[in-house]
4 protein chains.
Amino acid sequence: MAEISLAKARTMIRKTLEAGRAQEMKPLAVAVLDAGGHVIAFERSDGAPPGRFELARAKAYGAVMLGMGGTAQRDRAEAQAYFMIAANGIYGGQLAPVPGGILVRDKRGRVVGAVGVTGDTSENDLAVGIAGIEAAGFAAEG
Amino acid sequence: MAEISLAKARTMIRKTLEAGRAQEMKPLAVAVLDAGGHVIAFERSDGAPPGRFELARAKAYGAVMLGMGGTAQRDRAEAQAYFMIAANGIYGGQLAPVPGGILVRDKRGRVVGAVGVTGDTSENDLAVGIAGIEAAGFAAEG
Amino acid sequence: MAEISLAKARTMIRKTLEAGRAQEMKPLAVAVLDAGGHVIAFERSDGAPPGRFELARAKAYGAVMLGMGGTAQRDRAEAQAYFMIAANGIYGGQLAPVPGGILVRDKRGRVVGAVGVTGDTSENDLAVGIAGIEAAGFAAEG
Amino acid sequence: MAEISLAKARTMIRKTLEAGRAQEMKPLAVAVLDAGGHVIAFERSDGAPPGRFELARAKAYGAVMLGMGGTAQRDRAEAQAYFMIAANGIYGGQLAPVPGGILVRDKRGRVVGAVGVTGDTSENDLAVGIAGIEAAGFAAEG
């Protein structure tokens with residue numbers, strides 16, 4: 001499997017933060033997780049609220065654990081709220097079923113990790129996270 | 001950053017409790033947290049139920065962690081309940097998304113902490129908490 | 001039972017902090033709990049580390065829950081470490097078996113709560129905590 | 001207070017990782033936390049075990065919460081094991097009382113955060129962490 005190296009994770013984070021600044025979004029935080037849901041790298045922009053790590057990781061963690069991007073999780077939550085509440089319990093309260101949790105796939109389509117972006121609207125978080133993932137040469141599923 | 005000193009925290013608590021008594025509200029409890037969500041000071045009025053610390057802290061803690069006052073949290077919870085349920089899991093079950101959790105900003109607009117007030121209706125809790133924050137020379141965002 | 005009123009709790013905290021400053025101790029934090037182990041009041045001095053609430057409360061909470069001051073808890077821990085480790089599990093990890101957790105008794109000898117002091121050496125924490133409790137007209141058992 | 005900006009946190013991490021590579025240490029992971037114990041940035045080197053984030057954060061978190069570097073925590077743990085076991089419960093099981101958790105102080109001596117380094121021996125982790133902190137213009141207390 002083509003894993004996400006630290007160098008690639010850095011690229012994802014930098015390009016995501018750059019895209020956010022270019023669009024004058026609020027200060028963002030970005031987490032990059034591996035295929036086991038473990039943190040490779042994280043950065044919180046100056047001026048963001050203190051607890052952004054937990055939220056960014058949860059967005060990415062839920063994507064890896066459920067094999068679903070945040071948009072699909074949100075749709076499921078809106079259709080069947082009790083399922084996502086139950087899933088949240090199953091995964092230790094560490095899910096955030098909204099856009100901004102993004103699966104990262106390699107060229108063969110396999111999931112190699114996930115990115116979690118938080119700080120602006122969920123849709124904006126998603127858009128810049130996709131830009132960051134693609135800038136590092138991977139495919140994004142939000 | 002202008003931090004909240006213990007002297008300022010005492011002023012916030014006293015003025016909040018005084019405002020509550022002046023308006024014949026139920027016995028209040030007030031927590032003051034710093035910009036990292038850690039308790040600076042807390043007081044529970046005689047006659048209040050025993051577990052008020054946890055509730056007052058949760059109101060303030062959620063404000064700091066999410067960078068949103070309790071009113072904005074409540075609005076988000078009403079629009080998208082599953083998000084606030086998920087956020088509660090992410091932050092260790094320590095959120096209380098109702099009015100009475102109030103961000104404290106310094107003169108430059110930066111968040112320096114939060115106040116949590118509980119005991120009467122959420123709207124009344126909010127009103128006296130704002131009075132306490134302003135009496136100490138800070139700006140309140142409920 | 002003569003409960004600890006908020007006014008009495010304030011006196012305990014102020015007198016404890018004053019005694020610490022008079023003896024040039026490090027910045028202290030003081031929690032006052034009721035007979036059920038619930039927080040009545042807490043203050044953290046400027047310059048103390050952020051997580052002092054948890055430590056001060058644990059000192060007082062263990063005293064109330066076990067009916068033993070911190071000195072007796074420490075002696076038990078040194079004689080039988082596994083017992084205090086087990087007790088810590090039983091009470092949710094919220095004990096701190098060292099001096100500075102002090103039972104508060106009324107004139108009839110009944111436990112009405114506890115004070116937890118932290119910031120300097122355990123022995124110094126204990127000494128000023130006793131001073132604060134006695135200044136409020138109660139008896140202290142450290 | 002001179003906060004640790006994201007730019008400064010990046011410098012600390014890069015210089016720590018560079019120092020580890022220069023000395024042919026095992027793959028390192030480095031977390032930088034703010035004065036409230038919240039994550040600013042984290043990086044895990046390629047080849048490090050997956051759960052390094054939790055360990056690096058715990059080293060830094062304990063330093064901030066207790067106001068003690070990892071070396072002082074280890075000394076306390078060796079002198080009074082039950083105290084550090086209790087402290088671990090009080091702070092949610094999130095302490096790692098060994099060298100490699102390092103307080104970061106500004107020019108005025110105030111704690112502005114902490115760095116946690118893990119991957120090689122505790123003493124080596126500490127040495128390169130200090131190098132990283134000093135390269136960013138802060139003082140280190142290990």
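1. In this predicted model, the side chains of Asp34(A) and Arg44(D) meet in a salt bridge at 2.9 Å, N to O, where a salt bridge is a side-chain nitrogen of Lys or Arg within 4 Å of a carboxyl oxygen of Asp or Glu. The pair crosses between chains, from strand S1 (residues 29–34) of chain A to strand S2 (residues 39–44) of chain D, strands being DSSP runs of E with at least two residues and helices runs of H or I with at least four. Asp34(A) is buried at 16% relative accessibility and Arg44(D) is buried at 9% (buried means under 20% relative accessible area, exposed over 50%, partly exposed in between, with a 1.4 Å probe and protein chains only).

2. Within chain D, Asp125(D) and Lys59(D) form a salt bridge at 3.2 Å, N to O. This pair links helix H5 (residues 122–135) with helix H2 (residues 52–66), 66 residues apart; Asp125(D) is buried at 1%, and Lys59(D) is buried at 2%.

3. Chain A and chain B bury about 1,300 Å² between them, 69% of it on carbon and sulfur atoms, buried area being the accessible area (1.4 Å probe) that two parts lose on being put together, summed over both. In chain A, Pro50(A), Leu55(A) and Val98(A) lose the most area to chain B, together 29% of what that side buries. Across this interface the rule finds 0 salt bridges.

4. On conventions, residues are numbered from 1 along each chain as its sequence is written, and chains are lettered from A in the order in which they are written. Local features need pLDDT of at least 70, side-chain atom pairs count only at pLDDT 80 or more, and totals for chains, interfaces and linings use all residues, while side-chain values use heavy atoms, with hydrogens and water left out.
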